[in-house]
Amino acid sequence: MAKLSIELVEFLKKLAKNNNRDWFNQRKPTYKKHEAEAKELYQIIAEKLRATDDIEGYKIMRIYRDVRFSKDKTPFKPRFAGSFKRATEALRGGYFLNIEPGNCCAGGGFYAPNPKDLLRIRKEFSIDATQIRKILTDVKFKIVFPDGLLGNEVKTAPKGFSKEDEAIDLIRKKQFYVMRTFTDEEMLSEDFTDKIMEVFVTLRPFFDYMSEVLTTNLNGESILNN
């Protein structure tokens with residue numbers, strides 16, 4: 001079981017305070033050591049996930065910020081963030097983990113559904129939101145994700161939908177994801193990987209439901225190529 005070192009956390013804190021290329025380049029070997037430590041953690045979580053889900057792979061995001069399209073012009077993101085991709089077109093949704101002092105979190109969902117998928121999700125909610133509400137109000141789900149379903153949303157109602165729809169609170173959303181935050185103490189704890197896995201396992205009913213929606217038409221017939 002991998003346990004994050006306090007040195008890794010302290011390095012990220014110092015990088016946040018000294019977010020410039022000179023400081024970072026002078027400590028590049030230290031960064032590479034902590035990067036290897038983070039990669040080991042992601043590898044262990046991927047292996048644990050594969051015991052419960054079909055995971056195609058995982059990707060750790062670059063620490064370098066693309067300042068061309070960012071209001072924040074600091075050159076580095078003081079964190080180790082990564083995602084785990086579910087395999088095949090039948091399994092939708094993705095797991096996410098952000099290792100960052102003061103902003104550590106794990107969760108997942110649908111951050112940027114394409115217009116076709118977004119419309120399909122909204123239509124399903126409009127027809128019958130019973131199942132998704134059952135998932136979101138499950139006792140365990142609410143304990144792990146106390147903030148509920150997150151995501152940007154339109155102010156009133158999307159085109160083609162009524163603002164009087166009983167599921168308008170769900171239909172307004174443009175993103176559909178949940179997150180569980182961790183304190184720095186939890187992030188450094190011996191059972192941190194277990195806590196992350198609790199988050200990811202709790203996500204499965206949500207992913208399974210959304211996968212069924214996104215791989216069928218409104219009649220419930222599969223749209224996947226056999």
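Modeller: Contact here means heavy atoms within 4.5 Å. Keep in mind that this is a predicted model.

Colleague: Leaving aside neighbours within four places in sequence, which residues is Lys59 in contact with?

Modeller: Lys59 sits in strand E1, residues 55-60. Neighbours within four places in sequence are set aside. The contacts of Lys59 are then Ala81, Gly82 and Ser83.

Colleague: Is Lys59 buried or exposed?

Modeller: Its relative accessibility is 58%. The cut-off for exposed is over 50%. Lys59 therefore counts as exposed.

Colleague: How is Lys48 classed by its relative accessible area?

Modeller: Lys48 lies in helix H3, residues 28-50. Its relative accessible area is 29%. Buried needs under 20% and exposed needs over 50%. Lys48 is therefore partly exposed.

Colleague: How many Å apart in space are Lys48 and Asp194, C-alpha to C-alpha?

Modeller: In sequence, Lys48 and Asp194 are 146 residues apart. Yet Lys48 touches Asp194, along with Thr193 and Met197, not counting residues up to four places away in sequence. From C-alpha to C-alpha, Lys48 and Asp194 are separated by 9.4 Å.

Colleague: Is Arg86 buried or exposed?

Modeller: Arg86 belongs to strand E2, residues 80-86. Not counting residues up to four places away in sequence, Arg86 touches residues including Ile55, Tyr95, Arg204 and Phe207. Its relative accessibility is 1%, and the cut-off for buried is under 20%. So Arg86 counts as buried.

Colleague: Which residue's side chain is joined to that of Arg86 by a polar contact?

Modeller: The Arg86 side chain also reaches a backbone atom, the oxygen of Arg92, at 2.8 Å. That one is backbone, and you asked for a side chain. The side-chain partner, in a polar contact of 2.8 Å, is Asp53.

Colleague: How do helices H4 and H9 lie relative to each other?

Modeller: H4 covers residues 115-127 and H9 covers residues 192-214. Their axes come within 9 Å and cross at roughly 105 degrees. Angles of 65 to 115 degrees count as roughly perpendicular. H4 and H9 are therefore roughly perpendicular.

Colleague: How many residues of the contact of H4 with H9 are charged?

Modeller: H4 brings Asp117, Arg120, Ile121, Glu124 and Phe125. H9 brings Tyr209, Met210, Val213 and Leu214. Six of the contact residues are nonpolar and none is polar, while the number of charged ones is three.

Notes: Residues numbered from 1 in each chain as written. Predicted model: local features only at pLDDT ≥ 70, side-chain atom pairs only at ≥ 80, totals over all residues. Heavy atoms only, no water. Helix = DSSP H or I, 4+ residues; strand = E, 2+ residues; numbered from the N terminus. Buried < 20%, exposed > 50% of the residue type's maximum accessible area, 1.4 Å probe, protein only. Polar contact = N/O pair within 3.5 Å; in protein donor to acceptor, adjacent residues only side chain to side chain. Axes fitted to C-alpha atoms, helices over the stretch in contact; angles between N-to-C directions. Parallel < 35°, antiparallel > 145°, perpendicular 65-115°, else oblique. Nonpolar A, V, L, I, M, F, W, Y, C, P; charged D, E, K, R; others polar.
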